[in-house]
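I begin with a term that the later entries require.

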Amino acid sequence: MKTIIITGGAGFIGSHVVRLFVNKYPDYRIVNLDALTYAGNLANLSDIENAPNYMFVRGDITDAAFLTDLFAQYQPDGVIHLAAESHVDRSITDPMSFVMTNVVGTVNLLNAAKACWQANAGGFEGKRFYHVSTDEVYGSLHNDNEFFTEETAYDPQSPYSASKAASDHFVRAYGNTYKLPVVLSNCSNNYGPNHFPEKLIPLMIHNIQTNKPLPVYGKGENVRDWLYVVDHARAIDVIFHNGRLGETYNIGGFNEWKNIDLVHLLCRIMDQKLGRPEGTSAQLITYVTDRAGHDLRYAIDAHKIMNELGWQPSLQFEEGLAKTVDWFLANQEWLNNVTSGAYQGYYEGMYANR
Ligand code: NAD
Ligand code: TYD
């Protein structure tokens, strides 16, 4: 039986990766390592929390001694590293927590994996450290015909992307210097179930539903390239198993949207789903002060993963967005628990019942 440590498994993307691996690989033991910060919510995994091949460990990747013990105890064959501070706006007000988790935490994890694997007879043979990153490390595009490829030079512009860029560099440096078996991916913006309602799409869905203003930064002309979160999880599965060591794979669905167009589309979908006359929700759109240093456009060239590993997104955007809206409307309790803060008691509740 293989043991895989997935960090950040209680978060948005991590929860989809954990679910996919637990269900698809019954012969793997999946250890979900998560500190349960504000972004971690174990309710995201309530459907698989009792699976025999799944376990949850609460722990902080900034704690090097804790990681050493954890790796000694579980002797993982692989690591899929998603734990991070992930919200750009928070990185503007509190950059240091991004340095701690995204940079120091990643280096701690690299050290723990390296020391654990080096102490075994087989060394690095058959082992794999997979670092999950973002397209935001490449900076901001300004010409319509430009895309981020795996060769695009790093040019991070926000404290979040700077911290992710630093972590990517450390992962590659460990691959180069110590021959640690690493693989990386850089993905575009995700959306879907379990998305924390501080990010654009779930925030807008929540505000439309509750008739609150829809805050569009600046003129709403910034462009993001959106991918359904389950398609990202499928890409992570393919890269973890078949990606070439030392390589980087860009992940995206060739799906660019101006923020304002996306918000209008969401308003139309929500009007339909809520039985409101067309145009009702769009009246809530409110232009607000722009984000400091707001990146203009992200767009991924995903040909490498498509051609080399045969991955393709499975959902068209309109379909994925409608599915996402349906999920939020059907999971009102999840949203209420997140907005009220009650979700933070799920961990204690879960263990109190055992
Ligand atoms: P998220 O904020 O929803 O979840 C992050 C998880 O990490 C949470 O469960 C949190 O509790 C955990 N965590 C935070 N600090 C920790 C620490 N010090 N120790 C242990 N656990 C800790 O993030 P997400 O949107 O799911 O992103 C996951 C990863 O994917 C991140 O590395 C992010 O940079 C990357 N990524 C995200 C997107 C996106 O659109 N959200 C796109 C590309 C790449
Ligand atoms: P976000 O979901 O924070 O992702 P990222 O900044 O990592 O791309 O934001 C997506 C886009 O939406 C980004 O251009 C900022 C913009 N935005 C708004 O206009 N209003 C909002 O309330 C939020 C949260 C984001």
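**Entry 1: a term and a caution.** For helix pairs I take an axis to be a line fitted to the C-alpha atoms over the stretch in contact, with angles running from 0 to 180 degrees between N-to-C directions. I note at the outset that this is a predicted model.

**Entry 2: helix 6 and helix 10.** I looked up how helix 6 meets helix 10, which spans residues 317-330. Their axes come within 11 Å and cross at roughly 55°.

**Entry 3: helix 6 and helix 8.** I then turned to helix 8, residues 259-274, and found that its axis and that of helix 6 come within 10 Å. The two axes cross at roughly 40°. Because of that angle, helix 6 is oblique to helix 8. Helix 6 passes helix 8 in a right-handed crossing.

**Entry 4: the surroundings of ligand 2.** Which residues are closest to ligand 2? I found E136, P215, R224, R291 and H294 listed as the closest, within a set of 17 surrounding residues. By class, I noted seven nonpolar, five polar and five charged residues in this shell. Helix 6, here given as residues 200-209, supplies at least two residues of the shell, as does strand 8, residues 214-217. Strand 8 gives the largest share, three residues.

**Entry 5: polar atoms at ligand 2.** A polar side-chain atom of R224 lies 2.7 Å from an oxygen atom of the ligand. For N259, a polar side-chain atom is 2.9 Å from an oxygen atom of ligand 2. Taken alone, ligand 2 exposes 510 Å², of which the protein buries 97%.

**Entry 6: the surroundings of ligand 1.** How many residues surround ligand 1? I recorded 28, with I13, D34, S86, Y160 and K164 as the closest. The shell divides into 13 nonpolar, 12 polar and three charged residues.

**Entry 7: polar atoms at ligand 1.** I found a polar side-chain atom of S86 at 2.6 Å from an oxygen atom of ligand 1. K164 likewise places a polar side-chain atom 2.7 Å from an oxygen atom of this ligand. N190 takes part through a backbone N or O atom, which lies 2.9 Å from an oxygen atom of ligand 1. I noted that ligand 1 exposes 830 Å² when taken alone, and that the protein buries 96% of that area. The elements giving two or more residues to its shell are helix 1 (12-24), strand 5 (128-134), helix 5 (159-178) and strand 7 (189-191).

Note on methods
Residues numbered from 1 in each chain as written. Chains lettered and ligands numbered in written order. Predicted model: local features only at pLDDT ≥ 70, side-chain atom pairs only at ≥ 80, totals over all residues. Heavy atoms only, no water. Near = heavy atom within 4 Å. Polar contact = N/O pair within 3.5 Å; in protein donor to acceptor, adjacent residues only side chain to side chain. Areas by Shrake-Rupley, 256 points an atom, 1.4 Å probe, with all protein chains shown as cover. Helix = DSSP H or I, 4+ residues; strand = E, 2+ residues; numbered from the N terminus. Nonpolar A, V, L, I, M, F, W, Y, C, P; charged D, E, K, R; others polar. Parallel < 35°, antiparallel > 145°, perpendicular 65-115°, else oblique. Left-handed = near helix turned anticlockwise from the far one by under 90°.
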